[in-house]
Amino acid sequence: MEKITEKLLLEKGSPKTSKLEQIKTLNLSKLTLKHKDLPVRLLSRLQSLERWDLSGNRLEEFPKDLALPALQHLDLSDNQMEDVTTLESLSNLEELKLEDNLYITVSDNYKLMVLLPKLRIYNGKDVSTTANHLRFVYSENLRTRIIAIWEKSFHLPDPITEEKLSTLRKDFVNTARQQVRFGPSSVSDFTKWKVEIMAKEFLCSLTEPQEEPESTESPDTKEKSEVSTPTKRKQSAAVDLRSLTPHKKLCADLPASPAEASPRKSGLSRKLQTLTQTCTPRVSPRKTSQPPSTPTRGQVRAETPRRGSKVQQEDDGAQIKQRKRKELQRDTDTLSTMKSCSQTKPVSLKPLHVLQCHSKQDSSEDFSTQLWACAFQPLPDSTGGGGGRLVATCGGDSVCVIDCETGMVMKKYKVPGEEFFSLAWSTVLMSRGGGASAQHCSVLAAGGKRGLVKLIHPRNNVAYGEFRASRKALSVLRFNHQQGNFLLTGSYDKKIVMWDIGGVDSQYNFKVVQLLVLEISTTPLHICLPPISPSSNLLTACEDGLHCYNTQLGTNNTTKRSKEMEITFPIYKNEDKDHDYHTIDGMSFLTDDIVASKNYMHGCIYLWSWSRTKAQRPDRKDRTVSAVVLAELQWANTEIPYLALNTCPGQAYIVCGDDKGRLWTYHVTNLQKNSFQTGRPILPTEVLEWPTPERKGLGQVEGPSINSVAMDPELHYLVALSDKNMVIVWKREESC
């Protein structure tokens with residue numbers, strides 16, 4: 001008699017339903033089940049199953065062909081498991097328990113971490129860092145050794161026959177298993193198992209025909225920015241991380257701005273005076289105690305060879321017609337994407353708070369501290385404390401977490417001697433021990449001129465760690481939104497590095513592993529990950545252009561890579577000795593495909609298609625492709641760089657500040673076909689004027705440059721950071 005029936009599954013599952021396809025949790029513990037008692041065909045109907053308890057049974061292995069795409073938590077503790085490779089079909093499993101299985105070895109634990117690509121919690125502990133080290137770093141070391149053995153002792157037979165290939169495969173795999181030595185002896189079984197798999201894959205890659213990648217090959221953005229460091233660079237002192245009591249500082253009665261110009265503005269004025277002069281050697285921004293002037297674009301061009309735009313040759317006849325049909329379909333897809341992006345109407349925003357919370361020595365007279373980055377806390381950890389309205393800001397020696405509704409500075413973290421330039425939120429797992437399930441928590445990473453990344457858990461008011469990402473200043477931080485423990489850091493040593501910061505346990509123990517290094521020609525200003533392929537491609541905006549990189553891990557690519565291609569823009573054709581438009585100082589995705597980017601000194605914002613641009617074949621000589629521009633948005637005419645734009649995809653909004661304290665807003669829901677070809681930029685939906693706070697008897701505070709903006713997903717709040725130590729919070733007015 002069958003132990004597992006449809007009736008039993010419906011009784012043991014929840015929520016209570018009459019259909020197996022709707023069960024999300026299933027408890028089959030302590031039923032003395034063996035492998036033969038698990039009917040694959042019946043269990044395969046559990047397509048919505050997320051949690052499955054099989055503890056306290058007699059299972060020796062898991063059904064090999066049982067695929068449960070929604071399963072995230074599996075309890076196999078107190079069984080008789082021997083063959084863990086049978087779990088390979090559970091590709092979305094995040095948490096696994098295998099305690100009290102006497103035959104499970106350390107090598108088996110390692111096999112599981114490699115076989116289950118999303119496994120993060122194993123036997124109640126966060127293993128994401130160890131798992132990613134095995135998947136990528138450890139595997140890369142094995143691959144290097146396998147290739148060395150091949151190059152030294154083996155070659156393909158000529159001619160290739162099935163018999164000769166079979167003999168070669170057997171000899172090569174056996175030799176690799178015997179000769180590859182890596183890691184501790186306690187995991188030699190895992191190493192041999194992994195070497196055998198990789199040796200077979202390597203041989204297949206040599207013998208199986210490789211399809212020529214079409215122009216859809218994934219570009220990878222490499223960022224090269226030998227950027228001036230806009231007053232962002234000074235030397236730092238010893239670190240004393242501390243948290244301050246929440247307080248509120250309104251700037252409604254602030255003193256007028258000092259007569260002297262913003263440090264960055266004065267740097268720019270010097271820059272403009274030298275545009276036609278002879279290029280002088282660049283001074284490292286980190287080696288001077290005073291804020292350096294912005295390097296001239298002429299200087300950058302002297303170091304970076306000029307690139308020319310390559311005009312692609314048209315095909316003949318049917319190929320031209322086919323291409324036009326594809327482009328027409330892409331246009332249709334793009335327009336429908338924009339129309340479905342948001343059915344909302346333009347919003348009305350009013351200033352709510354002006355805060356001065358990054359002052360030196362908490363002085364209300366400080367109007368020189370530049371504020372550089374802001375970001376809203378992701379929602380998962382916000383359910384208990386202000387969901388969607390907490391924003392983090394950084395500038396000077398402090399990072400603040402602000403409640404946008406009340407204007408209260410909820411948390412403040414100071415590091416004397418530091419100057420923070422960038423921050424980023426993410427959600428990681430916190431393991432709690434004692435058999436309790438891991439929980440998600442929002443963490444904040446911040447970095448600046450010291451080259452250190454600070455890791456903070458604001459909800460518990462804990463700055464729990466730091467690690468050195470570079471020996472030079474950090475310019476930008478970005479988390480992978482699909483894999484929250486992957487952090488990308490861009491720095492002034494011309495590199496972007498991918499780190500796995502793992503999760504944390506209840507004692508805030510954590511481990512950091514370096515996964516990938518991207519070599520860049522200049523300092524990266526912005527990093528963007530395509531929403532639909534954040535683990536495969538990276539776009540980076542630099543002072544010498546916009547570059548693309550392949551960031552796919554676990555492939556035959558090395559852990560150090562250079563750019564795949566550079567994306568060029570129509571404005572480049574207007575360059576001369578006095579105008580260089582290659583600096584990309586703003587970039588963000590508006591939809592899964594449409595990118596908004598801004599070229600310094602252009603006065604417009606480009607909207608362009610990532611998929612159509614990526615689909616082109618890069619020029620063989622300089623690796624350039626032309627951006628497929630969909631539209632231009634009219635923006636301010638200014639010579640101040642580094643005024644970053646941002647997007648709110650859920651509400652189809654783009655916002656960018658200018659050098660007069662204004663915010664240019666664009667509600668882009670109906671992008672007309674061929675709007676770029678008309679030659680008329682799209683006007684802003686609204687330009688929000690500087691709220692002009694003032695102090696009695698001392699006049700108004702003049703409009704500063706807006707360095708950065710951020711919006712929550714529903715656009716209830718808009719936050720702008722200035723170069724004069726002011727945080728401006730705007731709130732959406734609900735229509736009647």
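**View 1. Glu6, Glu21 and Arg45 are joined by a network of salt bridges.** A salt bridge here is a side-chain nitrogen of Lys or Arg within 4 Å of a carboxyl oxygen of Asp or Glu. By this rule, the count for the structure comes to 15 salt bridges. Before moving on, please note that this is a predicted model, in which local features need pLDDT of at least 70 and side-chain atom pairs count only at pLDDT 80 or more, while totals for chains, interfaces and linings use all residues. Residues are numbered from 1 along each chain as its sequence is written, and side-chain values use heavy atoms, with hydrogens and water left out.

**View 2. Helix α3 (residues 106-115) packs against helix α4 (residues 128-153).** Helices (H or I, at least four residues) and strands (E, at least two) are DSSP runs, numbered from the N terminus. Two packed helices are described by the angle between their axes and the distance between the axes. For α3 and α4 the angle is about 80° and the axes are 9 Å apart; axes are lines fitted to C-alpha atoms, for helices over the stretch in contact, and angles run from 0 to 180 degrees between N-to-C directions. The two helices are therefore roughly perpendicular to each other, a term for angles of 65 to 115 degrees (under 35 is roughly parallel, over 145 roughly antiparallel, and the rest oblique).

**View 3. Here is a look at the residues where α3 meets α4.** Tyr110, Met113 and Val114 come from α3, and they meet Thr130, Ala131, Leu134 and Arg135 of α4; contact means heavy atoms within 4.5 Å. By class, this contact has five nonpolar residues, one polar and one charged. Ala, Val, Leu, Ile, Met, Phe, Trp, Tyr, Cys and Pro count as nonpolar, Asp, Glu, Lys and Arg as charged, and the others, Gly among them, as polar.

**View 4. Within helix α4, Glu140 and Arg143 lie three residues apart, about one turn of the helix.** Their side chains meet in a salt bridge (3.0 Å, N to O). Both Glu140 and Arg143 are buried, meaning under 20% relative accessible area, where exposed is over 50% and partly exposed in between (1.4 Å probe, protein chains only).

**View 5. Helix α6 (residues 188-207) holds both Lys200 and Glu196, four residues apart.** These two residues form a salt bridge, with the closest N and O atoms 3.2 Å apart. Lys200 counts as partly exposed because its relative accessibility is 37%, and Glu196 counts as partly exposed at 25%.

**View 6. A salt bridge joins the side chains of Glu466 and Lys454 (2.1 Å, N to O).** Glu466 sits in strand β17 (residues 462-468) and Lys454 in strand β16 (residues 452-457), so the pair links distant parts of the chain, 12 residues apart. Glu466 counts as partly exposed at 39% relative accessibility, whereas Lys454 is buried, with a relative accessible area of 3%.

**View 7. Strand β19 (residues 486-491) is mostly covered, with six of its six residues buried.** Phe486, Leu488 and Gly490 point one way from β19, and Leu487, Thr489 and Ser491 point the other way. In a regular strand the side chains alternate between the two faces of the sheet.

**View 8. β19 pairs in the antiparallel sense with strand β18 (residues 474-479) over five bridges.** Strands pair if DSSP finds at least two bridges between them. Leu474 has Ser491 as its bridge partner in β19.
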